[in-house]
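Student: Could you take me through one part of this structure up close? I'd like to know where things sit, what they touch and how the pieces pack.

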There are 2 protein chains.
Amino acid sequence: VKSIPQKGISLKTYSFAKSKKNLTEVLTDKNLASLGDAYINFAYSLALSNRCGEPVGTKMKGSVLAEALRKAGLRKHLPSRMDQHSLADAAEALLVYAWLNKSITLVETVEELSAKENAVDNLCELLTKVARKVKFFS
Amino acid sequence: VKSIPQKGISLKTYSFAKSKKNLTEVLTDKNLASLGDAYINFAYSLALSNRCGEPVGTKMKGSVLAEALRKAGLRKHLPSRMDQHSLADAAEALLVYAWLNKSITLVETVEELSAKENAVDNLCELLTKVARKVKFFS
């Protein structure tokens, strides 16, 4: 199946999206984390809106992101001595990397974030799934 | 052309998305504005990332949103005596309403926001386009 380029859009939707070498390189990229913050806040807002039946804007707490990253077993890909803020950044970087590289869609992200009551559990499953699916250059 | 339902997704992607009666009802909806804030911050972050060639997270300033709304001639659909914050909210509500109701895609939003140097001009064109395209229930 050939992709059909849409009006004004190259096959790679976002020209700044670059492939990384490995998980550690993704998880420690502060630029990705910065964009990832906007991504996860939007996705989590949609998940919460679905749950409430009304549009709502919210932010994903850093403590939730950090806990989910640990629970998903991804801590080992990071240097020792990282504070909670850096662990949260790592989770945000991975999520938006996966989205930019089309390993996951926004709709799938929102579905995972709305799956159960517990936000940490949802995010942990999402991170686990995404860590398995993301591609690196070889 | 029939829509093909994707895995786990109803034809209407987000169940909380409701049709409104008219522009005023959209522009004054504070719940939509709350979600719209997350939407526009993500879209604007992508636009800026495209421009910088690196991922970056940012926020769209309230003053830019308010000025663009006025410039797009949408002020007249709002009650008199509204502060800048409420005008910014109105712009955010309209943008996410258009996206939720599939009058515009995220990619199109990002393209409009990256079109020219001036953020107000880009946003003004986007709001003008979107205000023409959005649908209401009759």
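Tutor: Let's start in chain A, where Arg81(A) sits in the loop that runs between helix H3 (62-71) and helix H4 (84-100). Helices here are DSSP runs of H or I with at least four residues, strands are E runs of at least two, and both are numbered from the N terminus. Before going further: this is a predicted model, in which local features need pLDDT of at least 70 and side-chain atom pairs count only at pLDDT 80 or more, while totals for chains, interfaces and linings use all residues. Residues are numbered from 1 along each chain as its sequence is written, chains are lettered from A and ligands numbered from 1 in the order in which they are written, and side-chain values use heavy atoms, with hydrogens and water left out.

Arg81(A) isn't a glycine, yet its phi is positive, about 55°. For background, most residues other than glycine have a negative phi. Arg81(A) counts as exposed because its relative accessibility is 84%; the cut-offs are under 20% relative accessible area for buried, over 50% for exposed and partly exposed in between, using a 1.4 Å probe and protein chains only. Lys76(A) lies in the loop between H3 and H4 of chain A, and at 68% relative accessibility it counts as exposed. The C-alpha of Lys76(A) is 9.1 Å from that of Thr24(A), though 52 residues separate them along the chain.

Now step into helix H4 of chain A, where you'll find Asp89(A). Its relative accessibility is 11%, so Asp89(A) counts as buried. Setting aside neighbours within four places in sequence, Asp89(A) is in contact (heavy atoms within 4.5 Å) with Lys30(A) and Ala33(A).

Next comes H6, residues 119-133 of chain A, which holds Leu127(A). Leu127(A) is buried because its relative accessibility is 0%. Beyond the residues up to four places away in sequence, Leu127(A) touches Ala68(A), Leu69(A), Ala72(A), Leu74(A), Ala91(A), Leu94(A) and Leu95(A). Leu123(A) is one of the residues with the most contacts inside the largest nonpolar core, which has 100 residues. Such a core is a set of buried Ala, Val, Leu, Ile, Met, Phe, Trp, Tyr and Cys residues joined through side-chain atoms within 4.5 Å. Leaving out residues up to four places away in sequence, the partners of Leu123(A) include Ile40(A), Met60(A), Val64(A) and Leu113(A).

Leu113(A) also takes us to how H5 packs on H6: Thr109(A), Glu112(A), Leu113(A) and Ser114(A) in H5(A) meet Asn122(A), Leu123(A), Glu125(A), Leu126(A) and Lys129(A) in H6(A). Sorted by class, that contact has 3 nonpolar, 3 polar and 3 charged residues; Ala, Val, Leu, Ile, Met, Phe, Trp, Tyr, Cys and Pro count as nonpolar, Asp, Glu, Lys and Arg as charged, and the others, Gly among them, as polar. The axes of H5 (residues 106-114) and H6 in chain A come within 7 Å and cross at roughly 140°. These axes are lines fitted to C-alpha atoms, for helices over the stretch in contact, with angles from 0 to 180 degrees between N-to-C directions. H5(A) and H6(A) are therefore oblique to each other, since angles under 35 degrees are roughly parallel, over 145 roughly antiparallel, 65 to 115 roughly perpendicular and the rest oblique.
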